[in-house]
Amino acid sequence: MGKITNALKKAADERMTRIEKVSKIKERDQLVVKKIGESKMDPSVITYFDPKALISEQYKILRTNILSMNKGKPPKTFVVTSSIHSEGKTITSLNLAVSLAQAVHKPRVLLVDADLRKGKLCRYLGTKPEVGLSEVLSGQANVKDALFNIDIDNLAFIDSGAVPEYPSELLSSDSFKKFLSDIKSDFDHIIIDTPPIISVTDSGIVGAQVEGVILVVQAGRTQRGIVKRAEELLFQSHSKILGHVLTNIEYHLPEYIYRYL
Ligand SMILES: Nc1ncnc2c1ncn2[C@@H]1O[C@H](COP(=O)(O)OP(=O)(O)O)[C@@H](O)[C@H]1O
Ligand SMILES: [Mg+2]
């Protein structure tokens, strides 16, 4: 995955992102989108600002790899985690979600911030919804109150919400199982961003309840032994590793070699 720079910052500054409220009425699949405010998306969401950029192409390759898994029966719900903090989980989740939503068959995509301790999804999206996953799981809000739209029609997100007292317990509770089963039929892909597995058990807890886990590894920083330990922890939690995503890779070849069009 190419190194994400602030090269697109200017474009991001000029372009306002609409964050919209999604609420469901009558029919299960019918979504009414309500605009709730304006925000500025972080330039690291390159797939949004420049879908044709080299880096966006890397996320499309990741999308293709996911969509072609299991002989065309790709995992519907999966977790993104890493061994340690700041390896690129949230940026990978976000760019992958945008890239999936941009696919020609227009799948309905949901991105969930299940990093209940240090969720940063809303920071990258430039907005802070009042309600998120922790409120849904603790029974203070309904799922429909926590669903928001980015101004890509078929991409919704749920923020992490207020930091709860016992995050792991909330994620292993029946209310998380109910949340997953309530939301499943409304989306074609659900991407769940989580904390690092070596620090806390949360991604293993969620990983065991979905079809698998993508393990993000930051090249040049995370040592082999650490990644092995993360894999062991995921294995012990009965999570299936679907694959790895390497971040922080520098391109040494000029861009024209990669460019086809
Ligand atoms: N593919 C990438 N290449 C280089 N840097 C990246 C990449 N993905 C994310 N980053 C940068 O790494 C930092 C941490 O990213 P983030 O997604 O918040 O990490 P995490 O969710 O693992 O804590 C951010 O500054 C982000 O811009
Ligand atoms: Mg994160």
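A residue counts as buried under 20% relative accessible area, as exposed over 50%, and as partly exposed in between. Glu232 has 41% relative accessibility, so this residue is partly exposed. The structure is a predicted model.

Glu232 takes part in a salt bridge. Its partner is Arg229, and the N to O distance is 3.1 Å. Both residues belong to helix α11, which spans residues 224–236. They are three residues apart, about one turn of the helix. Arg229 is partly exposed too, at 37% relative accessible area.

In total, the model contains six salt bridges. Among them is the pair of Asp159 and Lys128, with 2.7 Å from N to O. This pair links distant parts of the chain, 31 residues apart. Asp159 sits in the loop between β6 (155–158) and α8 (167–171). Lys128 sits in the loop between α5 (121–125) and α6 (133–137). Asp159 has 0% relative accessibility and is therefore buried. Another salt bridge joins Lys144 to Asp145, with the closest N and O atoms 3.7 Å apart. Lys144 is partly exposed at 35%, and Asp145 is partly exposed at 27%.

Aromatic rings were also examined. Such a pair is described by the distance of the centres and the angle of the planes. The count comes to three aromatic pairs. In one of them, the ring centres of Tyr48 and Phe49 are 5.0 Å apart. Their planes stand at 85 degrees, so the pair is edge-to-face. Phe148 and Phe157 form a tilted pair, with 5.9 Å between centres and 35 degrees between planes. Tyr48 and Phe49 are both buried. Phe148 and Phe157 are buried as well.

Definitions and conventions:
Residues numbered from 1 in each chain as written. Chains lettered and ligands numbered in written order. Predicted model: local features only at pLDDT ≥ 70, side-chain atom pairs only at ≥ 80, totals over all residues. Heavy atoms only, no water. Phe/Tyr/Trp six-rings, centres within 6.5 Å; stacked < 30°, edge-to-face > 60°. Buried < 20%, exposed > 50% of the residue type's maximum accessible area, 1.4 Å probe, protein only. Salt bridge = Lys/Arg side-chain N within 4 Å of Asp/Glu carboxyl O. Helix = DSSP H or I, 4+ residues; strand = E, 2+ residues; numbered from the N terminus.
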